[in-house]
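Here is a friendly note to read alongside the model. Keep the 3D view open and turn it as you go through the points.

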Amino acid sequence: MATQSSIDMLQIAAAAADGKGAEDQVALDVSEPLPLVDIFLMATGRSERNVAAIADAIEEKLLEAGHKCLRREGRTEARWILLDFGDLVAHVFHQEERSFYALERLWKDCPVVPIDLPATRPAD
């Protein structure tokens, strides 16, 4: 089961991603099949630039909270960026890659972890 620390990391990462316009955020508790990781966060960006901005925001906010990124993959192409923070692994996809690789289907037996995003303010 995911630890409270990894759930706290998830909330920071999801809020950062949301702030950059991430869509379809899903978090899965993968601690049972992957003992070295607690949670996968998956988010979608609308363009390569948006994918990169989402990934940068996640990394920045988690670093500010004291969590170091152990590994980063895919930044150059910005079609699927993987950020490994140990207990949390964030996957930021371009829409086409998200559909093609369908990680949610691969990990469908893993429980969903709720994401509590800050309420958005209505437009004036």
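1. **Two terms to start.** A residue is called buried when its relative accessible area is under 20%, exposed when the value is over 50%, and partly exposed in between, using a 1.4 Å probe and protein chains only. Helices (H or I, at least four residues) and strands (E, at least two) are DSSP runs, numbered from the N terminus.

2. **What you are looking at.** This is a predicted model, in which local features need pLDDT of at least 70 and side-chain atom pairs count only at pLDDT 80 or more, while totals for chains, interfaces and linings use all residues. Residues are numbered from 1 along each chain as its sequence is written, and side-chain values use heavy atoms, with hydrogens and water left out.

3. **The sheet.** Begin with the five strands, which form an open sheet in the order E1-E2-E5-E4-E3 with mixed pairing. Strand E1 (23-29) and strand E3 (71-73) are at the edges and have a single partner strand each, so one side of each has no neighbour in the sheet. From one strand to the next, the twist averages 10°. Two strands count as paired if DSSP finds at least two bridges between them. In general, strands of a sheet pair through backbone hydrogen bonds, either parallel or antiparallel.

4. **Who pairs with whom.** E1 runs antiparallel to strand E2 (residues 39-45), and five bridges join them. Here Leu28 has Phe40 of E2 as its bridge partner. E2 and E5 pair in the parallel sense over seven bridges, and in this pairing Phe40 stands opposite Val89 in E5. Between E4 and E5 the sense is antiparallel, over five bridges; Leu82 has His91 of E5 as its bridge partner.

5. **An enclosed strand.** Is strand E5 (88-94) buried or exposed? Seven of its seven residues are buried, so E5 is largely enclosed by the rest of the structure. Both of its faces are covered: Leu88, Ala90, Val92 and His94 are buried on one side, and Val89, His91 and Phe93 are buried on the other.

6. **The helices across the sheet.** Angles here run from 0 to 180 degrees between N-to-C directions, and the axes are lines fitted to C-alpha atoms, for helices over the stretch in contact. Contact means heavy atoms within 4.5 Å. Helix H1 (residues 4-19) lies across E1, E2 and E5, at about 5° to E2. Helix H2 (residues 48-64) lies across E2, E3, E4 and E5, and runs at about 165° to E5.

7. Now find Asp84, in strand E4 (residues 80-84). Lys and Arg count as positive and Asp and Glu as negative, while His and the chain ends are not counted. A salt bridge needs a side-chain nitrogen of Lys or Arg within 4 Å of a carboxyl oxygen of Asp or Glu. Asp84 is buried and has no salt bridge, as the nearest side chain of opposite charge, Arg71, is 4.1 Å away. The Asp84 side chain does reach the backbone nitrogen of Gly86, at 2.7 Å. Leaving aside neighbours within four places in sequence, the residues in contact with Asp84 are Lys68, Cys69, Leu70, Arg71 and Val89.

8. **The hairpin.** Gly86 belongs to the hairpin of E4 and E5, which has three residues between the strands, and takes a positive phi near 85°. Asp87 lies in the loop between E4 and E5 and is partly exposed, with a relative accessible area of 30%. Apart from neighbours within four places in sequence, Asp87 is in contact with several residues, including Thr3, Ser6 and Leu36.

9. **Positive phi without glycine.** Which phi does Asp24 have, although it is not a glycine? Its phi is positive, about 50°. Asp24 is in strand E1 and is exposed, with a relative accessible area of 56%. Ala78 is not a glycine either and has a positive phi of about 55°. Ala78 is found in the loop between E3 and E4, and is buried, with a relative accessible area of 4%.

10. **One more aspartate.** Asp18 is found in helix H1 and is partly exposed, at 26% relative accessible area. Asp18 and Ile58 are 40 residues apart in sequence and 9.5 Å apart in space, C-alpha to C-alpha.

Notes:
A polar contact is a pair of N or O atoms within 3.5 Å; within protein, one must be able to donate a hydrogen and the other to accept it, and residues adjacent in sequence count only if both atoms are side-chain atoms.
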